[in-house]
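Subject: Two-chain model for your files

Dear colleague,

Please find below the structure that I am handing over to you. My notes on it come after it, and I would be glad if you read the two side by side.

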Amino acid sequence: MTATKYTRIYSRTYSIPVEVPTRTLFNSSTKLYLNPAPYLRNIKVAAIDFQYGENSNIFYTNSVYLTLVDNNNDTRLFNYPVNDLSNNFIAGTQSAPYRLRLFKFDGIITENCYFTISTNTPASLVAPVIAGYINFYEL
Amino acid sequence: MIQPIIEKSYLVEVNLGTPAAQKQINFQFIPQLEGSTIYGIQTFSATDVAAAPSGSAVVSTTGLASCVITFCVGDNQDIYLMPCSDLRSANNSGFQRMFNNKKLNLTKSFITILSTTGITANDVVLVQFLYR
């Protein structure tokens with residue numbers, strides 16, 4: 001089934017913090033890998049969203065993309081804009097009603113998944129920050 | 001409205017080059033999409049993401065509105081001159097446009113610039129395909 005029009009009830013959510021280490025330069029080749037989360041390898045992920053961190057706007061002010069690999073090492077999402085996964089903004093007006101992006105994964109290898117930060121202006125960090133949280137919803 | 005369940009997605013960058021009215025820019029060959037069944041298509045403007053994964057500047061919302069897209073299935077132009085703005089989720093209350101399981105001939109598909117308003121040289125149109 002490739003579509004649904006019904007509200008779905010999720011049994012569990014898994015929230016993984018996205019840590020950005022100290023770095024002097026970000027550009028289109030910078031990849032930030034997710035931390036390992038073995039418990040997600042056999043979880044049927046039905047929805048994903050991204051929540052921007054409260055104390056860092058590095059993901060919000062730059063163009064960030066997610067590449068996600070499933071437990072068969074198949075690249076399922078290639079350069080998916082994180083902004084499209086997010087429904088909250090640190091500042092500004094939210095123009096779309098709340099919606100959760102729906103997916104169909106039988107398991108995810110998080111340590112093979114990464115964010116790509118694309119920015120025209122190189123940025124630097126002097127201390128590690130939590131850029132946000134990526135939330136996985138299980139049916 | 002029906003929401004697609006995303007099985008796979010692939011973001012394609014289409015560089016508009018030097019903008020000119022009636023210019024057509026074809027899609028490049030994407031091996032991952034060859035022979036795949038596409039059921040959702042989405043575009044983004046600079047308001048959504050300012051820079052493409054390659055680092056190129058993304059076309060503005062005004063520039064996106066100056067473009068239309070034609071998708072071919074085989075030799076048939078099944079989706080003909082569809083406004084790129086109509087595929088932008090933010091213009092559709094956050095929803096992604098769904099299509100009827102198309103096996104697209106991407107290299108025959110193209111974007112047409114209707115006017116150069118809002119388009120800067122080498123702006124990129126981002127087109128995301130939902131497929132399986």
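The notes below go from conventions to the interface, then to the strands of chain B and to chain A.

This is a predicted model, in which local features need pLDDT of at least 70 and side-chain atom pairs count only at pLDDT 80 or more, while totals for chains, interfaces and linings use all residues. Residues are numbered from 1 along each chain as its sequence is written, chains are lettered from A and ligands numbered from 1 in the order in which they are written, and side-chain values use heavy atoms, with hydrogens and water left out.

Turning to the interface, 32 residues of chain B are in contact with 30 residues of chain A, where contact means heavy atoms within 4.5 Å. The area buried between the two chains is about 2,600 Å², with carbon and sulfur atoms giving 51% of it; buried area here is the accessible area (1.4 Å probe) that two parts lose on being put together, summed over both. One salt bridge is counted between chain B and chain A, the term being a side-chain nitrogen of Lys or Arg within 4 Å of a carboxyl oxygen of Asp or Glu, and the side chains of Asp74(A) and Lys8(B) form a salt bridge at 3.1 Å, N to O. On the side of chain B that touches chain A, at least two residues each come from strand E1 (3–6), strand E2 (8–15), strand E4 (38–44) and strand E9 (124–131), strands being DSSP runs (E, at least two residues) and helices likewise (H or I, at least four), numbered from the N terminus.

Strand pairing (at least two DSSP bridges between two strands) also crosses between the chains: strand E7 (residues 101–105) of chain A and E1(B) pair in the parallel sense over two bridges, with Ile5(B) as the bridge partner of Leu102(A).

Within chain B, E9(B) runs antiparallel to E2(B), to which eight bridges join it, and Val14(B) stands opposite Val125(B). E9(B) also runs antiparallel to E4(B), with six bridges, and Phe44(B) has Leu126(B) as its bridge partner. Eight of the eight residues of E9(B) are buried, that is, under 20% relative accessible area (1.4 Å probe, protein chains only).

Chain A, finally, has one helix and nine strands, in the order β-β-β-β-α-β-β-β-β-β from the N terminus on, and buried residues make up 50% of its 139 residues.

With best regards
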